[in-house]
Amino acid sequence: MAELEKDVKKAIRNIPDYPKKGIAFKDLTTLWEDGRLTRRVTDALEKKWSKARLDKIVGIEARGFIVGAPLADRLGIGFVPARKVGKLPAKKVSVNYALEYGRQGLEMHADSIAKGDRVLVVDDLLATGGTSKAAAALVEKLGGKVVGLTFVTELSSLKGREKLSGYEVYTLSSYD
Ligand code: AMP
C-alpha cells in the first residue's frame, strides 16, 4: 500500500452502525483535522488531475465541498456546488436518484456549467456511486463533459465503479 494511502486510512475514523445498524461509517473529519495530511491529499489530487485541462470542479454537498474547493483553487478553475434539494436560489436543474433506502435529489444552478466545459466531480467517499452518478448526469444535462470523478476513499465492495463505468474514477484509498 502506498504511503499516502496508509496514512489516509489511519486518519479516517470508523464508526460502526452509523447512521444505522450495519453501516460502517467512514468519518473523514479526523483526516481534515490534520493539516499536513490534508495538504498531501490535495497535492496528490492536483498531481493526478493537473493535465486534464479541466474547466470546473463540481463538489457534492457537503463533504465534497471540503475536498473540491481547495482542489479547484490549486488548479486555478471554478468550483460549482451540487446541492441537496431546495438550497440553491437561482434557476436550477434537478435529478432524483435511489439511495439504499428511499430517494434523494441533487440540484445545480442552470448557468453554472457552460456547454463543452470539462468537469471533474468530487466527493469525499464513493459508496454505491448513486450520488456521484447523479452529479455527473446534472453536468451532462447542462452540456458539460464529465472528464472524471475523484474521491479520497471508496468502499469497493459496494461496486460504485461499476455504476460509474465509462467514466475515469480515481481514489486515493480503498476499503474492501
Ligand atoms: P453513494 O451514493 O452510495 O456512493 O454514497 C456516497 C455519499 O454518501 C457520499 O457523499 C458519502 O459521503 C456518503 N456515504 C455513503 N456511505 C458512507 C459511509 N459508509 N461512510 C461515510 N460516508 C458515506
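Q: Why is Trp-49 called buried?
A: Trp-49 has a relative accessibility of 2%, and buried means under 20% relative accessible area, exposed over 50%, partly exposed in between (1.4 Å probe, protein chains only). Trp-49 therefore counts as buried. A word on the basis: this is a predicted model, where local features need pLDDT of at least 70, side-chain atom pairs count only at pLDDT 80 or more, and totals for chains, interfaces and linings use all residues. Residues are numbered from 1 along each chain as its sequence is written, and side-chain values use heavy atoms, with hydrogens and water left out.

Q: How many aromatic pairs does the structure hold?
A: There are three aromatic pairs. Rings of Phe, Tyr and Trp (its six-membered ring) pair if their centres lie within 6.5 Å; planes under 30 degrees apart count as stacked, over 60 as edge-to-face and the rest as tilted.

Q: What makes Trp-49 and Tyr-170 an edge-to-face pair?
A: The planes of Trp-49 and Tyr-170 stand at 85°, with 6.5 Å centre to centre, and an angle over 60 counts as edge-to-face. This pair links distant parts of the chain, with Trp-49 in helix H3 (residues 35-49) and Tyr-170 in strand S9 (residues 169-171), 121 residues apart.

Q: What makes Phe-65 and Phe-79 an edge-to-face pair?
A: Here the angle between the planes is 90° and the centres are 5.8 Å apart, so the edge-to-face cut-off applies again. Phe-65 sits in helix H4 (residues 63-75) and Phe-79 in strand S4 (residues 78-84), so the pair ties together parts 14 residues apart in sequence.

Q: Are Phe-65 and Phe-79 buried or partly exposed?
A: Phe-65 has a relative accessible area of 22% and Phe-79 has 29%, so each of these residues counts as partly exposed.

Q: Why is Ser-132 called buried?
A: Ser-132 has 3% relative accessibility, so Ser-132 counts as buried. Ser-132 has its place in helix H5. Beyond residues up to four places away in sequence, Ser-132 touches Ile-60, Val-121, Leu-126, Leu-149, Phe-151 and Leu-164, where contact means heavy atoms within 4.5 Å.

Key. Helices (H or I, at least four residues) and strands (E, at least two) are DSSP runs, numbered from the N terminus.
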